[in-house]
Amino acid sequence: MPVTWRVYAPQHDTELLTRALHREPVPTGAAVLDMGTGAGTLALAAARRGAHVTAVDRTYRAVLATRLNARLARLPVEVLQGDLFGPVAGRRFDLVVSNPPYVPAPGAAPRRHRAAVAWDAGVDGRLLLDRICRSAHSSLRPGGVLLLVHSALSGIAPTLAGLERSGLEVRVTDRCFVPFGPVLRSRGAWLRERGLLDADEEKEELVVIRAERTH
């Protein structure tokens, strides 16, 4: 278990994405990007398979936690601080994995020093998802793959459509239903008012979307 050091701890979405990562052929030396690395769980999983891994996160806490975890595991991981693809602009990857913030939230996006920056993503949950959809194609090598996990509450169809518009071949590869955590339980009334939850709904659907650049 990685050291989390006040960083978003791995949960069901990380586990689901890790299983999808393990199914992908990752040859030794493949260029892998873990975008929104948190404590570095996915970055370390790819590094253990011999990939050249770059991990990016917006918060310095996550950068420091991932660097510490890579050092403890004795794995080479390049860890950069910045927003989405910004720190690796102009670079291309064989595999991009991302577990971005995706929880619908009332009000403005939280400041970076607040814990909620790890999950809040605007009123529709798509503050970062739409940006990833627009930029993913140009960050992948031909034959490269994006693995993206998020909640059905933030909309599966818009993600599929956005990635298709960018020229990627897409499909949902993994699904699971998990009980609401503290954040969703605290927002139940607001989510029901917006029509995102049924009155008796108590579980959240998580999905992994696989998008491949075929040319």
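**Exercise 1. List the residues in contact with His137, leaving aside its neighbours within four places in sequence.**

Solution. Contact means heavy atoms within 4.5 Å. By that test, His137 touches Ser166, Gly167, Leu168, Arg213 and His215. Helices (H or I, at least four residues) and strands (E, at least two) are DSSP runs, numbered from the N terminus. His137 has a relative accessible area of 17%. Buried means under 20%, exposed over 50%, partly exposed in between (1.4 Å probe, protein chains only). So His137 is buried.

A note on the model: it is predicted, local features need pLDDT of at least 70, side-chain atom pairs count only at pLDDT 80 or more, and totals for chains, interfaces and linings use all residues. Residues are numbered from 1 along each chain as its sequence is written, and side-chain values use heavy atoms, without hydrogens and water.

**Exercise 2. Find the buried side of helix α5 (residues 156-165) and what packs against it.**

Solution. Start with the buried residues: Ile156, Thr159, Gly162 and Leu163. They sit on the same side of α5, because they cover an arc of only 135° around the axis. The arc is that of the directions from the helix axis to the C-beta atoms. An α-helix has 3.6 residues a turn, so residues three or four places apart point the same way. Now turn to the face away from the buried side: it carries exposed Ala157 and Arg165. Then look for partners. The buried residues pack against α4 (129-135), β5 (140-151), β6 (169-179) and β7 (203-212). After the helix comes Gly167, with a positive phi near 100°.

**Exercise 3. Which residues touch the most other members of the largest nonpolar core?**

Solution. A nonpolar core is a set of buried Ala, Val, Leu, Ile, Met, Phe, Trp, Tyr and Cys residues joined through side-chain atoms within 4.5 Å. The largest has 61 residues; Val77, Leu146 and Leu163 touch the most other members. Take Leu146. Not counting residues up to four places away in sequence, its contacts include Val96, Ile132, Leu163 and Ile209.

**Exercise 4. Check the length of helix α3 (residues 60-73).**

Solution. The expected span is 1.5 Å times one less than the number of residues. For the 14 residues of α3, that gives 20 Å. The end C-alpha atoms are 20 Å apart, which agrees. Now find its packing partners: the buried residues of α3 pack against α2 (41-47), β2 (52-57) and β3 (77-81). Just after α3, Arg74 takes a positive phi of about 55°.
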